[in-house]
Amino acid sequence: MSIWGKIIGGAAGFALGGPIGALMGVIGGHAIDRYALPDEAIDEEAATRKIAFTIGVIALGAKMAKVDGKVTRDEIAAFREVFHIPSEETRNVGRVWDMARKTSDGYEAYAEQIARLFNPGSPVLEQLLGSLFHIARADGVVHEKEVEYLQRVAAIFGFDDIAFERMRATFVGGASNDPYAVLGVTPDTDDTTIRNAYRQLVREHHPDRLIAQGLPEEAVAAATDKLARINGAWDRIKEHRKLV
């Protein structure tokens, strides 16, 4: 079952509580009247994590959209590029987005609630940040205030400055797409360390592993794209250094 089926069915959602649970009510109260409860058995813990990821991307994206003073529908379009949603649920996404950007709850409250459901520095949290980077790029540039916002969310998620710069190089691309930065190393790092860093990133960010840890299936395309960026960085370094 897709994550939207879990949300519509009401499973696990209200167990979240906090600001994310409040946003769940925007969907749940509206959708449960329209859909029969699913017959499929649901892993409540896994569903909770995936729902938190989904609502978290919407909520944190909506909050981030305000930091540069411009709130447009481009961000929702960007969300749909990294997160597949059924056409019939687009309206619900918009409702959650609008509520999140209007609520008095600060973005830190959402980030802290999400962080409690995963290990610090979890690859799933890194993928969530990747989705936010994509939303930040929706207007063609990642603004300084958006970078500050993303750094703060990353810190709440348990990432240090080095990890943040690696993610920035991976997700933003362009001039900052230094293959060494993508792997979290430097040009003067030895070959063995670079190879080990690459292998660890591949293990941690394989889509199947991320799904098992709480990544919704709807976000697999974005996770696959990130893995391709990691592989591409390694290929560039390997070619430059004549490694086999």
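The structure is a predicted model, in which local features need pLDDT of at least 70, side-chain atom pairs count only at pLDDT 80 or more, and totals for chains, interfaces and linings use all residues. Residues are numbered from 1 along each chain as its sequence is written, and side-chain values use heavy atoms, with hydrogens and water left out.

The mean pLDDT (the predictor's confidence in each residue, from 0 to 100) is 80 for the protein, and 80% of the residues score at least 70. Confidence is highest in helix α11 (residues 191–204), with a mean of 96, and lowest in helix α1 (residues 3–9), with a mean of 53. Two stretches have pLDDT under 50 throughout. For residues 8–14 the model has 20 contacts beyond four places in sequence, contact meaning heavy atoms within 4.5 Å. For residues 29–38 the corresponding number is 13.

The protein contains 13 helices and zero strands, where helices (H or I, at least four residues) and strands (E, at least two) are DSSP runs numbered from the N terminus. Of the 244 residues in the protein, 50% are buried; the term denotes under 20% relative accessible area, with exposed over 50% and partly exposed in between (1.4 Å probe, protein chains only). Among contacts in the protein with a separation of 6 or more, 77% join residues 24 or more positions apart.

In soluble globular proteins, nonpolar side chains tend to be buried together. A nonpolar core is defined here as a set of buried Ala, Val, Leu, Ile, Met, Phe, Trp, Tyr and Cys residues joined through side-chain atoms within 4.5 Å. The largest such core comprises 54 residues, and L60, L129, L150 and F157 have the most contacts inside it. Helix α3 (residues 44–64) supplies the largest share of this core, nine residues. Another core, of 15 residues, lies apart from it and includes V185, A197, I237 and L243. Beyond its neighbours within four places in sequence, L150 is in contact with M64, L129, L132, F133, A136 and F164.

Two packed helices are described by the angle between their axes and the distance between the axes. Axes are lines fitted to C-alpha atoms, for helices over the stretch in contact, and angles run from 0 to 180 degrees between N-to-C directions. Angles under 35 degrees count as roughly parallel, over 145 as roughly antiparallel, 65 to 115 as roughly perpendicular and the rest as oblique. The axes of helix α8 (residues 144–156) and helix α9 (residues 161–172) come within 10 Å and cross at roughly 130°, so α8 is oblique to α9. The crossing of α8 and α9 is right-handed; a crossing is left-handed if the near helix is turned anticlockwise from the far one by less than a right angle, and right-handed if clockwise. In this pair, V147, L150, Q151 and A154 of α8 meet F164, E165 and R168 of α9.

The axes of α11 and α13 also come within 10 Å, crossing at roughly 165°, and the two helices are therefore roughly antiparallel to each other. Their crossing is left-handed. The α11 side of the contact consists of D191, I194, R195, Y198, L201 and V202, and the α13 side of L227, I230, N231, W234, I237 and R241.

H205 lies in the loop between α11 and α12 (207–213) and is buried, because its relative accessible area is 1%. Excluding residues up to four places away in sequence, H205 touches P123, E126, R166, L210, A223, K226, L227 and I230. One of these, R166, is located in helix α9 and counts as buried because its relative accessibility is 12%.

Q113, in helix α6 (residues 107–115), is buried at 5% relative accessibility. The C-alpha atoms of Q113 and I156 are 9.8 Å apart, while the residues are separated by 43 residues along the chain. K242, in the segment after α13 (220–241), has a positive phi of about 60° although it is not a glycine. K242 counts as exposed, because its relative accessibility is 70%.
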